[in-house]
Protein chains: 4
Amino acid sequence: MNENTKKDMNVRTDLATEAREMVNQSRTAEKEIEGVSYSEKKEESFTVSKVIVDEIGAEKIGKKPGTYRTIYSDAIKKQDTKLQQQTARVLAKELSQIMNECGIDSNASGLIVGLGNRNVTPDALGPIVMDKILVTNHLFVHEPSYVKDGYRRVSTIVPGVMGVTGIETSELIHGIIKEIKPDFVIAIDALASRSIERVNATIQLSDTGIHPGSGVGNTRKEISQETLGIPVIAIGVPTVVDAVTIASDAMDYVLKHIGRELEEIDRPSKALAPGGMVFGKKVLTKKDMPTKDRQETILGMFGTLKETEKRALMQEVLTPLGHNLMVTPKEIDGYIKDMAHLIAEATNASLHENVTLDNFGSYTR
Amino acid sequence: MNENTKKDMNVRTDLATEAREMVNQSRTAEKEIEGVSYSEKKEESFTVSKVIVDEIGAEKIGKKPGTYRTIYSDAIKKQDTKLQQQTARVLAKELSQIMNECGIDSNASGLIVGLGNRNVTPDALGPIVMDKILVTNHLFVHEPSYVKDGYRRVSTIVPGVMGVTGIETSELIHGIIKEIKPDFVIAIDALASRSIERVNATIQLSDTGIHPGSGVGNTRKEISQETLGIPVIAIGVPTVVDAVTIASDAMDYVLKHIGRELEEIDRPSKALAPGGMVFGKKVLTKKDMPTKDRQETILGMFGTLKETEKRALMQEVLTPLGHNLMVTPKEIDGYIKDMAHLIAEATNASLHENVTLDNFGSYTR
Amino acid sequence: MNENTKKDMNVRTDLATEAREMVNQSRTAEKEIEGVSYSEKKEESFTVSKVIVDEIGAEKIGKKPGTYRTIYSDAIKKQDTKLQQQTARVLAKELSQIMNECGIDSNASGLIVGLGNRNVTPDALGPIVMDKILVTNHLFVHEPSYVKDGYRRVSTIVPGVMGVTGIETSELIHGIIKEIKPDFVIAIDALASRSIERVNATIQLSDTGIHPGSGVGNTRKEISQETLGIPVIAIGVPTVVDAVTIASDAMDYVLKHIGRELEEIDRPSKALAPGGMVFGKKVLTKKDMPTKDRQETILGMFGTLKETEKRALMQEVLTPLGHNLMVTPKEIDGYIKDMAHLIAEATNASLHENVTLDNFGSYTR
Amino acid sequence: MNENTKKDMNVRTDLATEAREMVNQSRTAEKEIEGVSYSEKKEESFTVSKVIVDEIGAEKIGKKPGTYRTIYSDAIKKQDTKLQQQTARVLAKELSQIMNECGIDSNASGLIVGLGNRNVTPDALGPIVMDKILVTNHLFVHEPSYVKDGYRRVSTIVPGVMGVTGIETSELIHGIIKEIKPDFVIAIDALASRSIERVNATIQLSDTGIHPGSGVGNTRKEISQETLGIPVIAIGVPTVVDAVTIASDAMDYVLKHIGRELEEIDRPSKALAPGGMVFGKKVLTKKDMPTKDRQETILGMFGTLKETEKRALMQEVLTPLGHNLMVTPKEIDGYIKDMAHLIAEATNASLHENVTLDNFGSYTR
């Protein structure tokens, strides 16, 4: 998880789809943001979306230029093993495509990086996935006769986080890459989302590299095609929402909720105050439907604040309570284990031709 | 953690001090609630409070009649080992007093119960403490010559939670108590709090028994002096706040925050709008100081809701997002380990005369 | 793991097949031991054997009368996921048969007991399996409409070990059974074996009940059909060999090894001392083939000791070094996880009609 | 743990004292081995020994030239917290001395390396110690004003093992050292011993560098003053004995044991065969006291084998059973935790002037 995520949570998200949505929300026109293309395919239990960002779009939504694929699936939250296997297949397919687009051929050697802190459950995704990646590099070096066709050279590293190691994570990775000289890098990390619905339900793949611990404009630390000359693919899963988000969003939910309730006022079954909805000391009627203008009625001056102002205010009031508050489902320990298994299965299948979508389990432990 | 905590979070808290405060907040007069006595001693780094509730008070604040002691200390959150040792001493002293008041003599045999779910970090406090309790019961039975004076018979049990075992936790404990026949019970559990400040910073001791998994008026399941005829002491630590609390409280913090800002308007150093504070599209002045009446200006109709109405509304809007959301500090894994160590040390010292405040560590592993 | 296993390791093993073999080894005739019937079926990757012991046989081999089924499979040690799934199927079939033989019908409610110490890796099998058992009892009680046909009432308990709880494990289980009143019990436990080849490769099922912590003739503590009036099935897996075994057996391997070497002396490819094998200062020839008589040549007076004398001597010399030495494979942590998964899958399938051999994974997490 | 330890276990040990002893055992004369100096101080509960090896000695005992200090203490095995604290003090003192001798001044920056496999309990010592090391490097870089006098720059790394990462551990460390440029390195690792008595009871410190995964004469992989130009201190603790050792040593114990028994034959209290000891079919008398010559009587031709021949034979017979067998105490999980805490405390105190022997705990979590 990006160690600086907290600091500027009010202006950014780790997910490109969210960044795009945020910009869209504050716009009146309906057409797509300049420099950002968006497509989406829905299947029964999945939505796979693709956001392509160019230099212009990058500035608009605050995300690096490149391709971002997002798989949305309830498989983990529903604890549905079959659906998880299907999701792994979808992920394997998308990852293979992004590897093709990056020009990674079947003999290229890969370094897989598990970012995050093993001792903080929602941040342990990367390290746990690493435990399940099929590594082969040492066999190619020490027992080449043992390696069959259909496998590539794969090694893994769990760099830890700066608070534990004392070392900039990106420096560490740079040092290792210089020594190991892989042909490409795949990094797996837990992300922060602005939406509790996306937590443990969204997997983002991108070809834009990683910036562990990066602050503002610190390109030296970036790990990407630009800085290293090799493809760097990032796989990220939001596993927490910060407390600022939940508090700030709750107010929006209040507005939406009141809107829905008021919509239903005329339905016969609704037993409310005649023609209205009791809300505190007042009775709201359909004319109070929360539009921009009437938000003030319901939420007062708070209702007139812009999204960013609201978040800034929340941050200001919540910070003294402990700035590292996070919101997770109570079942997070189980979710992380399942998600790690799913990602490891898909990654192993994408890395090695001989690990197909049907012999998944035999390789991932 | 009480498995039904979530269901009625809007009307209850596991902490008696919080229950008392909540009732106090909605009262205008200043004198103490009838049937509830409160005292408090502050030391440099601790506050120890004592709430005594009688039958009348029980009805007022929704807590069983009995004595509730609360130790407030920042030791865990500050990761300050010395302060943690001091807190353990305070806890040992309070626990010894409550054991005395319950008439537990130095030969009485104790069953220590670690409630909660070992696989959910913030709920694992009870099970982890059990790993560190000095048990002696089997030595008294099988190797009596090995047991020196100054120790009592102590055994432990980790009953698990109903979602994992399929068995009502209280039934399980009843079955074990009937078989083992201890002279008293101490139960240790993670609690829910309504205040993020109290999380991992408050230890509550009470002589009122435990009600694991209890719902409405289900006394059969209660484990207490009344139902079992032996003293049942509960030690509880709030380790989570639910998302409803954080969202609902955030609004109160907004009001308090604006109040503080407005207070400072006249101070020379404050560079604001002349005589006021910019808030969204408006300028607030001292006359907008958030009193009961003016909350509506700032928070609209939402500001006019009562505490319980606000929570009910939040619950309604947050539930569809996943009803098991919890708010914890990111450092929860480390906090739980430290807190478990602290409680085990204090409990061991209170249980055995030979384990004194100075040889703590030698017994607790 | 039986807490007293160590004490009398020289006279007993937890596996009935081993007990039978030990008696067989010391006999000259070839026919089966009286009161013990043995059958075996070999399939490609498994051997399933069945030992039926009656009252007479019980005395001869020191195992309770009843039926013992043993599945031998390399699946775990080979880390072969497919073979593990096949083994789970075989186990499910055998477990279903033993349940039928015990007269357990499809509506009978079961209590599944995970014996052993969660904090000692090779003894943690039972507790880890419990984490993966599909429990339903609470749903039958609290949400009966939620339970579909094809499921029975199942609950689980992890009683811990006496050294940690201070309570006799069997007393604890008795207390719980009296309160919960299940129709049958299945207990899962890690065992000790006398053979390193069987460790993590053998699963024993029996209908003879369990005797956790039992010593000599202490029937009060037995948990069995006789003491409780309900079927008690035990599933056990050897996960350690004690150091006495490895040391004592090593000598036998030395003899066997020399035998094999001498056998090959005449083969043309063998380049040894002409017609013999160099061993220390001597040259062994075919006439030294280790028969009973000639063991003394090779192992001296040690070679003349009986099996039990050898073990007693080893015990005497190794005890001062630390009486809790155990021998395990270095990969034990991974083996235990896989074995727990395998057993949980098979048990879930045997317990619930609706959990079939093809939807295993969807229920076991 | 050295990944190649197993391969040549019959010729080497990780402990210099053991290597010296082994050479001494096969010599008749009593004076010290040429090129090896040995000194020892015994205190009540500790023995601290110092072996200095020069180029000549290195060849004789198969250990690199340099200084090896060994602390022997029962503190962990006895689970005696006070004694563990005393051991930590002794270790801190010895580590400070070795740092002084290496010319490491109080401002030198250190990289602490935790070798071993986190997921294999007896090999997890290094990684667990790293969780408890006080790191400061990032504070010096990012928040220099926050760092007080009395602290040096410290960072840590857990490189993993080749079987998991696919990368030679030494390559990884080389890459990191080149990037981070520390002034010195301290590496912490679990070792193999040839003596079960030394397991979890011995801490070795040396200034000879580390050779993770090194085989014969592979200097490229060495991490030492010679290859890097900076001091490399190794702290190692034996946590396992291999099965070959236990089996081979058991025979020696048999001989010693018989010797002791025969010694006592004339004591009045000894009720044996008149003037002798029954052993199998024979009666041993004092004249059979196991001297070199008479070992054959007791152990046959096996008794005539040299130490290395015995080990080679054991290896040959045990290998087919699973070449990764290890012998550990059953309590290994607890021992490793305690040992990690002890080493982290001592290391923190040696690294930072401000962490004294009296405020240990406040820094180590």
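Me: Which hand is the crossing of H3(C) and H12(C)?
Reply: The crossing of H3(C) and H12(C) is right-handed. Keep in mind that this is a predicted model.

Me: At what angle do helix H3 and helix H12 of chain C pack?
Reply: The angle is about 45°, and the axes of H3 (residues 81-101) and H12 (residues 332-351) are 8 Å apart. That angle is why H3(C) counts as oblique to H12(C).

Me: Which residues make the contact?
Reply: On H3(C) they include C:Leu91, C:Leu95 and C:Met99. On H12(C), C:Leu342, C:Ile343 and C:Ala346 are among them. By class, the contact of H3(C) with H12(C) has 10 nonpolar, 5 polar and 2 charged residues.

Me: Now chains B and C. How do the two H7 helices pack?
Reply: H7 of chain B and H7 of chain C, each covering residues 169-180, pack at about 125° with axes 8 Å apart. H7(B) is therefore oblique to H7(C). H7(B) passes H7(C) in a right-handed crossing.

Me: What classes of residue are in that contact?
Reply: The contact of H7(B) with H7(C) has 6 nonpolar, 4 polar and 6 charged residues. Those in the contact include B:Glu171 and B:Lys178 of H7(B), and C:Glu171 and C:Lys178 of H7(C).

Me: Different topic. How many aromatic pairs are there over all chains?
Reply: A search of the whole structure finds 0.

Me: Then what lies over the face of A:Tyr38?
Reply: A:Arg20 does, at 3.7 Å from the ring centre. In chain B, the charged end of B:Arg20 sits over the ring of B:Tyr38, 3.7 Å from its centre.

Terms used:
Residues are numbered from 1 along each chain as its sequence is written. Chains are lettered from A and ligands numbered from 1 in the order in which they are written. This is a predicted model: local features need pLDDT of at least 70, side-chain atom pairs count only at pLDDT 80 or more; totals for chains, interfaces and linings use all residues. Side-chain values use heavy atoms; hydrogens and water are left out. Rings of Phe, Tyr and Trp (its six-membered ring) pair if their centres lie within 6.5 Å; planes under 30 degrees apart count as stacked, over 60 as edge-to-face and the rest as tilted. A charge sits over a ring if NZ of Lys or CZ of Arg is within 6 Å of the ring centre and within 35 degrees of the ring normal. Axes are lines fitted to C-alpha atoms, for helices over the stretch in contact, and angles run from 0 to 180 degrees between N-to-C directions. Helices (H or I, at least four residues) and strands (E, at least two) are DSSP runs, numbered from the N terminus. Angles under 35 degrees count as roughly parallel, over 145 as roughly antiparallel, 65 to 115 as roughly perpendicular and the rest as oblique. A crossing is left-handed if the near helix is turned anticlockwise from the far one by less than a right angle, and right-handed if clockwise. Contact means heavy atoms within 4.5 Å. Ala, Val, Leu, Ile, Met, Phe, Trp, Tyr, Cys and Pro count as nonpolar, Asp, Glu, Lys and Arg as charged, and the others, Gly among them, as polar.
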